[in-house]
Amino acid sequence: MNLQIIATQDFRQEYINVKLYESLCHEFKDRGTITVVDKNPDIVHLFGLWDDESIKVVHGFNARKIPVVFTSINGLIALNASGNSFSQQNSINRYVKKISQKVAKVHVCGTVEGNAVHELCKDSDTHCIKNGYYTNLISKHEMLHDFENMYVSIVEKHDDNVRQLISNQIKDANLSDNAIALIISKMLYLQYLQIKGSIPKAYIDELSEIFTKTDYNEQHLCNILHKLKLYKFTSRAMQMLSECSTLTEGFMPMPPTDDKATDALKQCILH
């Protein structure tokens, strides 16, 4: 699983969670199930302030359908700094609500911080993992284990939600042919992977095998693809599968399309 850890530019070394950010970047570089990456993440952990810069980062990853965990880089202090004017505090409160509603989890380091976030955004989904650099209530080993479990849980839930949405689309389309329903679901998931920006090589090999070994009515499939506005995307996928996997033209339900959009699709493949 690929994890991208980001800190927004406007932070200071004295902020309470800076050391936590630096530690996670270092500890998850090579931790078996999780790898820290600079691109193509499965999940993003954003350390930032409750401000416009953070919401822009969150929106960017939301557009790519990548789940985000948010940690206030200055913890509870950032929620109610003593030097804030009334208008500044109102602005922070608004950003708490905006960011909390757009991320998969708001990571907090204690119950008080979690309660403060919930007061400002009732439907926020907070997850408490204490900062092992500021308390003896948790060891650094336990802290890293808790973060790992949180990341894995979020990615699994996110993927389940994507697959459920696809399943709902298949039901809405009233597809009685199981083979065609399988192909349509696989193409919709491929579309999601392209938006995300990362298509595993194993997935396109699986697609090639499905088109090669599955018995289905090609014309019926093409009619449904047109109806679902997936025909052009699938024709580009055929070109990708022929170049980057094992699919040959004899097993394609339509002629392949080779254009700039096809190139963009191929660029998403993870080798």
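Biologist: Why does Ser 54 count as buried?

Modeller: Ser 54 has 0% relative accessibility. Buried means under 20% relative accessible area, exposed over 50%, and partly exposed in between (1.4 Å probe, protein chains only). So Ser 54, at 0%, falls in the buried class.

Modeller: Some ground rules. The model is predicted, so local features need pLDDT of at least 70 and side-chain atom pairs pLDDT 80 or more, while totals for chains, interfaces and linings use all residues. Numbering starts from 1 along each chain as its sequence is written, and side-chain values use heavy atoms, without hydrogens or water.

Biologist: What does Ser 54 touch, beyond residues up to four places away in sequence?

Modeller: Thr 8, Leu 46, Gly 48, Leu 49, Phe 70 and Ile 99. Each is a contact, meaning heavy atoms within 4.5 Å. Ser 54 itself sits in helix 2, residues 52-63. Thr 126 is 72 residues away in sequence and 17 Å away in space, C-alpha to C-alpha.

Biologist: What makes a stretch a helix or a strand?

Modeller: The protein chain has 10 helices and eight strands. Its C-alpha trace spans about 70 × 35 × 30 Å along the principal axes. Of its 271 residues, 48% are buried.

Biologist: Which residues touch the most other members of the largest nonpolar core?

Modeller: Ile 184, Leu 190 and Phe 211, out of 40 residues. A nonpolar core is a set of buried Ala, Val, Leu, Ile, Met, Phe, Trp, Tyr and Cys residues joined through side-chain atoms within 4.5 Å. Two or more residues each come from helix 5 (140-172), helix 6 (178-196), helix 7 (201-213), helix 8 (218-227) and helix 9 (231-244). Helix 6 gives the most, with 11 residues. Take Leu 190: setting aside neighbours within four places, its contacts are Ile 199, Tyr 203, Leu 207, Phe 233, Ala 237 and Met 240. Another core lies apart, with 25 residues, including Tyr 21, Ile 43, Met 150 and Val 155.

Biologist: How do you know that helix 5 is close to its expected span?

Modeller: The expected span is 1.5 Å times one less than the number of residues. Helix 5 has 33 residues, which gives 48 Å.

Biologist: How do you know which class Gln 239 belongs to?

Modeller: Its relative accessible area is 13%, so Gln 239 is buried. Gln 239 is part of helix 9. Beyond residues up to four places away, Gln 239 touches Pro 256, Thr 257, Asp 258 and Thr 262.

Biologist: What makes a space a pocket, not a cavity?

Modeller: The way out. On a 1 Å grid over the protein atoms alone, a 1.4 Å probe fits in a cavity but cannot get out; a pocket is an open set with protein on both sides within 12 Å along at least five of seven lines. Lining residues have an atom within 4 Å of a point. The largest pocket holds about 660 Å³. Of its 28 lining residues, Lys 65, His 158, Asn 161, Val 162 and Leu 165 are the closest to the centre. Helix 5 supplies the largest share of the lining, 10 residues.

Definitions and conventions:
Helix = DSSP H or I, 4+ residues; strand = E, 2+ residues; numbered from the N terminus. Points joined across faces, edges and corners; volume = space filled by probe spheres on them.
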